[in-house]
Amino acid sequence: MTWRKFSGEIIQSPIIEEVEQAIERESLLGNKLKVCIGTDSQVKGTVTDFATVIVFLREARGGFMFIHQERSTQKMSIKERMLSEVQKSIDTAYSLCDLLDLYDVDLEVHADINTNPMFKSNQALHEAMGYILSMGFVFKAKPEAFASSYCANKIVQ
């Protein structure tokens, strides 16, 4: 799985090592971190672009993120696509949760799913929330889910 920085620089080491280095670097600078993981997708013709982001928030000092992108030609309903986004976020969160626990860094999983039933993505809200919470993660949906709704969205647009 290839990850990159927002600048476009490819991350050469395994993502868990890069995350640990970032936590150690920020800790030395006196920054308290929170990590938010989210995925968004965009359908473009027969291709669906997915972007998963690991957003590092520095308490009162901005943030930065790592990005992973992939494409799929599989045809999916809106609900399947929303749950696929959630799965990608959970996979990433699960791979990092032990490390984040070790460094006492809070973790949230953000779902690009609207809490308003008027929106199509709402079809997947209960399944997504149940899945994320059952995995032991803090769940955020729109409008609080900025990692997926803004950060990952910027990448797939």
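Entry 1. I noted that the model is predicted.

Entry 2, the sheet. I looked up the strand order and found an open sheet of 7 strands, E2-E1-E5-E4-E3-E6-E7, with mixed pairing. Strand E2 (10–11) and strand E7 (138–142) are at the edges, and each of them pairs on one side only.

I checked both neighbours of E1 (residues 3–5). Strand E1 runs antiparallel to E2, and 2 bridges join them. With E5, strand E1 is also joined by 2 bridges, again antiparallel. What stands opposite Arg 4 in E2? I found Ile 10 there. On the E5 side, the bridge partner of Arg 4 is Ile 67.

Entry 4, strands E4 and E5. I counted 10 bridges between E4 and E5, which run antiparallel. Thr 52 has His 68 in E5 as its bridge partner. The two strands, E4 and E5, form a hairpin with 4 residues between them. In the turn I found Ala 60 with a positive phi of about 60°.

I traced helix H1 (residues 15–28) across E1, E2, strand E3 (33–44), strand E4 (47–58) and strand E5 (63–72). Helix H1 runs at about 165° to E5. Helix H2 lies across E1, E3, E4, E5 and strand E6 (106–114), and runs at about 155° to E3.

I located Tyr 94 in helix H2 (residues 78–102). Is Tyr 94 buried or exposed? Tyr 94 is exposed, because its relative accessible area is 54% and the cut-off for exposed is over 50%. Together with Tyr 131 and Met 135, Tyr 94 makes a nonpolar surface patch of about 300 Å².

Key. Residues are numbered from 1 along each chain as its sequence is written. This is a predicted model: local features need pLDDT of at least 70, side-chain atom pairs count only at pLDDT 80 or more; totals for chains, interfaces and linings use all residues. Side-chain values use heavy atoms; hydrogens and water are left out. Patches are made of residues with over 30% relative accessible area and no salt bridge: like charges are joined within 9 Å, nonpolar side chains (Val, Leu, Ile, Met, Phe, Trp, Tyr) within 5 Å. Accessible areas come from the Shrake-Rupley method with a 1.4 Å probe; for residues, only the protein chains shown count as cover. A salt bridge is a side-chain nitrogen of Lys or Arg within 4 Å of a carboxyl oxygen of Asp or Glu. Buried means under 20% relative accessible area, exposed over 50%, partly exposed in between (1.4 Å probe, protein chains only). Two strands pair if DSSP finds at least two bridges between them. Contact means heavy atoms within 4.5 Å. Axes are lines fitted to C-alpha atoms, for helices over the stretch in contact, and angles run from 0 to 180 degrees between N-to-C directions.
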